[in-house]
Amino acid sequence: MKKEIEKLLNDQVRYEANASMHYLAMASWADVHGFNGVSDFFYANSEEERVHMIKLVKFINERGGKAIVPALEAPKANFETLNELFEEFLSSEIYVTEKINEIIFECLSHKDYNTHNFMQWYVAEQLEEEAQARTMLDKLNIIGNDKTGHYMFDRDIMSFKATSEAQTPE
């Protein structure tokens, strides 16, 4: 594995780990504020990001590189509103997508088609995750400050995820 690609992949391990911890903090905030559906959503997303990280670690090691388990900074733990929570969710997913695109660019530049092929799963995953974050934020923007709307959003959030996954073409 080329050192430039190995470094980018190890950076991506860190981004996935940071996202996992960020979503865990979001889940905890939602839990404390009585948003059980939102907390379940972010607990699940935290675990999903951890799985993404492990997949990268294994790939790096299997390809002859050396995966580096990163030290992490404490994530933001306090949020003012559900909208702020989901704005940060979308922002995080956009950032991760940009970093994945950088890896793809470098893979093509170095003719590393094996890593390019491996990263296509992440490209598709990010497309889904960004769309999901945008949809949820759109719903919250429609709801505004209506507490009944927040209650219903919290109640229905897991069905939003299931619906968006069912609509994703295979």
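The paragraphs below take the helices, then their packing, and then the salt bridges.

The model is predicted, and local features are described only where pLDDT is at least 70. Helix α1 covers residues 3–32. With 30 residues, α1 spans 44 Å from its first C-alpha to its last, close to the 44 Å expected at 1.5 Å a residue. After α1 comes Gly34, which has a positive phi near 80 degrees.

Helix α2 runs over residues 36–62. Its 27 residues reach 39 Å between the first and last C-alpha, and this is close to the expected 39 Å at 1.5 Å a residue. Just after α2, Gly64 has a positive phi of about 90 degrees.

Next comes packing. Two packed helices are described by the angle between their axes and the distance between the axes. For α1 and α3, the axes come within 10 Å and cross at roughly 170 degrees. Angles over 145 degrees count as roughly antiparallel, and α1 and α3 are therefore roughly antiparallel to each other. The contact of α1 with α3 is made up of 16 nonpolar, three polar and six charged residues.

The helices α2 and α4 also pack, at an angle of about 170 degrees and with axes 12 Å apart. The pair α2 and α4 is therefore roughly antiparallel. On the α2 side, the residues in contact include Phe41, Asn45, His52, Leu56 and Phe59. They meet a set in α4 that includes Phe118, Met119, Trp121, Tyr122 and Met136. Charged residues also take part, among them Glu48, Glu49 and Lys55 in α2 and Glu125 and Glu129 in α4. By class, the contact of α2 with α4 holds eight nonpolar, five polar and five charged residues.

The last topic is the salt bridges. How many salt bridges does the structure hold? There are ten. One of them joins Arg50 to Glu47, with the closest N and O atoms 3.0 Å apart. Both Arg50 and Glu47 belong to α2 and are three residues apart, about one turn of the helix. An α-helix has 3.6 residues a turn, so residues three or four places apart point the same way. Are Arg50 and Glu47 buried, partly exposed or exposed? Buried means under 20% relative accessible area and exposed means over 50%. Arg50, at 35% relative accessibility, therefore counts as partly exposed, and Glu47, at 39%, counts as partly exposed too.

Another salt bridge pairs the side chains of Arg63 and Asp112, at 3.9 Å from N to O. This pair links distant parts of the chain, 49 residues apart. Arg63 lies in the loop between α2 and α3 (82–109), while Asp112 lies in the loop between α3 and α4 (113–143). Arg63 is partly exposed, with a relative accessible area of 30%, whereas Asp112 is buried, at 8%.

Lys76 and Glu84 form a further salt bridge through their side chains, at 2.3 Å from N to O. Lys76 counts as partly exposed at 34% relative accessibility, whereas Glu84 is buried, with a relative accessible area of 18%. Elsewhere, salt bridges that share partners join Lys7, Asp11 and Arg14 into one network.

Note on methods: Residues are numbered from 1 along each chain as its sequence is written. Side-chain values use heavy atoms; hydrogens and water are left out. A salt bridge is a side-chain nitrogen of Lys or Arg within 4 Å of a carboxyl oxygen of Asp or Glu. Helices (H or I, at least four residues) and strands (E, at least two) are DSSP runs, numbered from the N terminus. Buried means under 20% relative accessible area, exposed over 50%, partly exposed in between (1.4 Å probe, protein chains only). Axes are lines fitted to C-alpha atoms, for helices over the stretch in contact, and angles run from 0 to 180 degrees between N-to-C directions. Angles under 35 degrees count as roughly parallel, over 145 as roughly antiparallel, 65 to 115 as roughly perpendicular and the rest as oblique. Contact means heavy atoms within 4.5 Å. The expected span of a helix is 1.5 Å times one less than its number of residues.
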